[in-house]
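The points follow the structure as displayed.

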Amino acid sequence: MRYWWVNQNQTYRHEVRGGYLWSPRRKANGGRNPFYDFMREAAPGDVVLSFADTLIKALGFVASYAYEAPKPAEFGQAGANWETIGWRVDVRFVELRLPMRPADHMAVLAPLLPHRYSPLRPGGGGLQSVYLTLLPETLAGALVDLIGAEARSLIAGHRAGEETLIQPAIGLIEWEEHELDRVRDDAGMTETERQAVVLARRGQGLFKERVMQIEGRCRVTGVTRPEHLRASHCKPWRDATNEERLDGENGLLLTPNADHLFDRGFIGFEGNGDLIVSPVAHRDSLARMGLDPTRPRNVGRFSVGQRRYLEFHRENVLLRSRFLDDA
């Protein structure tokens with residue numbers, strides 16, 4: 001279990017009531033933002049301290065891994081902004097009866113602030129640039145102690161219960177259904193083209209045939225029987241154009257377990273074939289699937305086109321923040 005700080009000055013009402021965190025994937029200029037990128041490493045069971053209007057006003061308990069999702073409709077548009085895709089994490093929030101003002105306790109907190117990615121200024125003011133950031137254990141413990149018995153009780157109950165149900169990625173499902181409706185309603189496609197694109201969503205049909213012209217086995221397990229393999233998109237179906245959805249180089253043959261891990265960002269691949277395991281992937285589950293996360297593995301060379309699509313997967317799907325690697 002890890003502790004996160006989220007600055008919700010602009011979004012507190014929507015996110016706490018709605019039960020989620022949402023951030024863009026990148027800055028408006030296309031640059032990387034560590035405080036958005038950290039969303040990729042929040043995991044079920046983690047605790048979130050919600051800061052707004054100079055107060056820690058709520059505690060949250062993470063209920064999903066991060067996933068791609070459109071900008072929420074309640075952020076100020078008549079409907080979900082299907083063209084603005086960001087990171088979403090589902091969270092069960094509990095508003096505090098007695099919010100706590102960190103600025104009143106900086107004699108205790110200031111020495112505990114991290115040198116990088118701090119949630120506060122030494123004087124106690126919030127930082128506008130911060131959205132989500134990981135709290136060092138010492139700082140998290142001090143903040144919980146300052147909030148008091150209410151916070152300790154909530155966290156103790158959360159720990160003792162261990163009943164956190166990992167929620168399905170609802171926003172992801174809604175987005176894919178929206179994209180599927182767009183394909184079905186596209187008058188510019190023939191029925192054959194439409195069927196091929198729809199089947200590609202499930203890793204079957206024409207897309208699988210094209211992937212099998214490049215790939216002959218599951219990259220992770222070595223299984224070769226086609227009936228046990230799915231064609232998994234490197235650039236996900238939901239993100240891709242219709243042309244990319246049917247491009248054989250945008251695919252790998254994977255068994256269903258490996259396909260799930262790859263699709264949800266628990267594993268990925270470097271361009272040289274090295275397998276990447278997400279820091280938030282459940283190690284025991286991986287081992288039971290026949291994937292030893294402690295043993296480096298190389299799955300073989302990729303084509304130029306595959307490497308291009310795999311780069312998209314590493315940047316937009318893989319649940320790993322390079323900024324935390326450097327913290």
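Which residues does Phe75 touch, not counting residues up to four places away in sequence? The points below begin with the basis of the model and then answer this.

1. Basis. This is a predicted model, in which local features need pLDDT of at least 70 and side-chain atom pairs count only at pLDDT 80 or more, whereas totals for chains, interfaces and linings use all residues. Residues are numbered from 1 along each chain as its sequence is written, and side-chain values use heavy atoms, with hydrogens and water left out.

2. Phe75. The residues touched by Phe75, beyond those up to four places away in sequence, are Thr11, His14, Glu15, Tyr20 and Trp22; contact means heavy atoms within 4.5 Å. Phe75 sits in the loop that links strand 5 (67-71) to strand 6 (81-100). Helices (H or I, at least four residues) and strands (E, at least two) are DSSP runs, numbered from the N terminus. Phe75 counts as partly exposed because its relative accessible area is 21%; buried means under 20%, exposed over 50%, and partly exposed in between (1.4 Å probe, protein chains only). Met100 lies 25 residues from Phe75 along the chain, and their C-alpha atoms are separated by 26 Å.

3. His313. This residue belongs to helix 12 (residues 304-316). His313 is classed as buried because its relative accessibility is 1%. With residues up to four places away in sequence left out, His313 touches Cys234, Phe262, Ile267, Gly268 and Leu318.

4. Helix 4. In helix 4 (residues 137-147), the buried residues are Leu139, Ala140, Ala142, Leu143, Val144 and Ile147. Gly148, just after this helix, has a positive phi of about 105°.

5. Overall fold. The chain contains 13 helices and 11 strands. Its C-alpha trace spans about 65 × 50 × 40 Å along the principal axes.

6. Burial and contacts. Of the 327 residues in the chain, 51% are buried. Of the contacts between residues at least 6 apart in sequence, 72% join residues at least 24 apart.

7. Charges. The chain has 43 positive and 43 negative charges, whose mean positions are 2 Å apart. Lys and Arg count as positive and Asp and Glu as negative, without His and the chain ends; each charge is placed at NZ of Lys, CZ of Arg, CG of Asp or CD of Glu.
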